[in-house]
Amino acid sequence: MNTIITLLQFFAALGLIVTLHELGHYLAARAFGIKVEKFYLFFDAWGFKLFSFKKGDTEYGIGWLPLGGYVKIAGMIDESLDKNQMASEPQPWEFRSKPAWQRLIVMVGGVVVNLILGIVIISGLIFNQGESYIPNDVINAKGGIYASPNARSMGLLTGDKIIKLNGKPVENLLSEFADPAFLTAENKEILINRNEIDTTIKLPEDIENKLSLNTDLPLISPRFQFEVKQVVGGSPASKSGVQEGDKFLSIDSQTFGSFFEFKEILQDNAGQTVELMIANSNSKIRKAYVTVNEDGTLGFQPKIFGFEGQEKVISYSLGESIVMGTQKSAGLISANASGLSKMVSGKVNPKNSLAGPIGIAQMYGSTWDWINFWSLTATISLALALMNILPIPALDGGHVMFLLYEMIFRKPVNEKVLYVGQIIGMAILLSLFVFIFWVDISRALGF
């Protein structure tokens, strides 16, 4: 039953994201009078399909291969590689007969819809759930802050209790600390209580440089507790027998007071074998030796806790929710772009960072949590928008690249170049799919 729920969530999300992506292309094409021959959710590879029907000029259907979907637009070199159609005289209802600006809109239609979908979902969650924060006095009562290496270089320490920022008492610490009014002030002073003694710290003038340093550790954070929520198959955590509900007590006899302290110690031991002391859900303690991934992870999803029922919730109007949803969506796209850049540059091992269908399905989990479902669906939709706009032939971004060339140089790209480019792009994508499936399967099997 758990597997069925996981698969239902995965296919529901994938079906929604892919269908709306292709609908973006479809509606843009029809708006400009372009004939759409096929509209498919999933691929009908080698002519096999689960379901189809024809209405008007378009065949609608569901393929058997769940790696995406497609619309076959008349007069366009696409995944079908239909040479016969391109050899005939251009017809007024064909893609190739339309002005470049119209063809460009058709090509970006899917990406735009995925962006809108991500923003709408995140905005809806904000409008429905509001935004919660942990009051500063609660943070101070539970051990003060976690201070990252960047924060420590500014003079803060883990365990500090922040009292005032530039003389003003703090209520919503994370929001007020990141407020431009504070960060751009000529003097940036923090009154803290450290070891029961009040001390004033003056932040450095180059704080902007510190904040821009690339790290996945927050500058400061409440000291969240954690336990294992879900283990990634084939990961170091899985190989060492880590299970849901386990709690880590120490790493190489080094204790920690919060999740990010634990994460920082792991990063300091990336690629090394460490000794872990682990308590299971029955408080039974055991020892395990684990080799940390090169990116400083063990391969599990944490369940964060420690401040339940102590958060304050702020409700937002629809307009405010849309603004915040757009900002958060932009942040997610930026984070995905940064992660992609790290993989391409070799700074991050793709095997530890990529997730294919199996990995994504596992993220949805075996219980239907609507908040998790919509949050993850929004994240995938935004990631798909980013991936599709990359300038790789066979992706929307490849078509956009050729169209921009045509618009700039006032001449179309040779059809032979488009055809060869499509083949190369499809080969790249196929290789990527194979690699991602290999990563998924090898991770699940523990290779």
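Lys 72 counts as buried, at 9% relative accessibility, where buried means under 20% relative accessible area, exposed over 50% and partly exposed in between, with a 1.4 Å probe and protein chains only. The model is predicted: local features need pLDDT of at least 70, side-chain atom pairs count only at pLDDT 80 or more, and totals for chains, interfaces and linings use all residues. Residues are numbered from 1 along each chain as its sequence is written, and side-chain values use heavy atoms, with hydrogens and water left out.

**Salt bridges**

Lys 72 forms a salt bridge with Glu 37; the term stands for a side-chain nitrogen of Lys or Arg within 4 Å of a carboxyl oxygen of Asp or Glu. Lys 72 lies in strand β4 (residues 65-73) and Glu 37 in strand β1 (residues 36-43), so the pair ties together parts that are 35 residues apart in sequence. Strands (E, at least two residues) and helices (H or I, at least four) are DSSP runs, numbered from the N terminus. Glu 37 is partly exposed, with a relative accessible area of 21%.

The structure holds ten salt bridges, among them those in the table.

| Pair | Closest N and O atoms |
|---|---|
| Lys 72 and Glu 37 | 2.8 Å |
| Lys 49 and Glu 59 | 3.1 Å |
| Glu 264 and Arg 152 | 2.5 Å |

Side chains of opposite charge can pair when their charged atoms come close.

Lys 49 forms a salt bridge with Glu 59. Since Lys 49 lies in strand β2 and Glu 59 in strand β3 (residues 58-63), this pair ties together parts that are ten residues apart in sequence. Here Lys 49 is partly exposed, at 39% relative accessibility, and Glu 59 is buried, with a relative accessible area of 17%.

Glu 264 forms a salt bridge with Arg 152. This pair links distant parts of the chain, with Glu 264 in helix α10 (residues 259-268) and Arg 152 in helix α5 (residues 149-153), 112 residues apart. Glu 264 is buried, with a relative accessible area of 11%, while Arg 152 is partly exposed at 34%.

**Nonpolar patch**

Trp 46, Phe 48, Leu 50, Phe 51, Phe 53, Ile 62 and Trp 64 form a nonpolar patch on the surface, with about 840 Å² of accessible area together. Patches are made of residues with over 30% relative accessible area and no salt bridge; like charges are joined within 9 Å, and nonpolar side chains (Val, Leu, Ile, Met, Phe, Trp, Tyr) within 5 Å. Accessible areas come from the Shrake-Rupley method with a 1.4 Å probe, and for residues only the protein chains shown count as cover. Strand β2 (residues 49-55) gives the most to this patch, with three residues. Leu 50 is found in strand β2 and is exposed, with a relative accessible area of 64%.

**Helix packing**

Helix α11 (residues 318-345) and helix α14 (residues 370-388) pack at an angle of about 55°, with their axes 10 Å apart. That makes α11 oblique to α14. Axes are lines fitted to C-alpha atoms, for helices over the stretch in contact, and angles run from 0 to 180 degrees between N-to-C directions. Angles under 35 degrees count as roughly parallel, over 145 as roughly antiparallel, 65 to 115 as roughly perpendicular and the rest as oblique. The crossing of α11 and α14 is right-handed; a crossing is left-handed if the near helix is turned anticlockwise from the far one by less than a right angle, and right-handed if clockwise.

Helix α3 (residues 100-129) and helix α15 (residues 396-409) pack at an angle of about 160°, with their axes 9 Å apart. That makes α3 roughly antiparallel to α15, and their crossing is left-handed.

In helix α13 (residues 357-364), the buried residues are Gly 359, Ile 360, Ala 361 and Tyr 364. Gly 365 follows α13 and has a positive phi, near 80°.

**Backbone angles**

Most residues other than glycine have a negative phi. Phe 42 has a positive phi, near 70°; Phe 42 is placed in strand β1 and is buried, at 9% relative accessibility. Asn 195 also has a positive phi, near 55°. Asn 195 is in the loop between β9 (189-194) and β10 (197-202) and is exposed, with a relative accessible area of 70%.

**Overall**

The protein has 16 helices and 17 strands. Its C-alpha atoms fill a box of roughly 85 × 50 × 40 Å, taken along the principal axes. Of its 447 residues, 42% count as buried.
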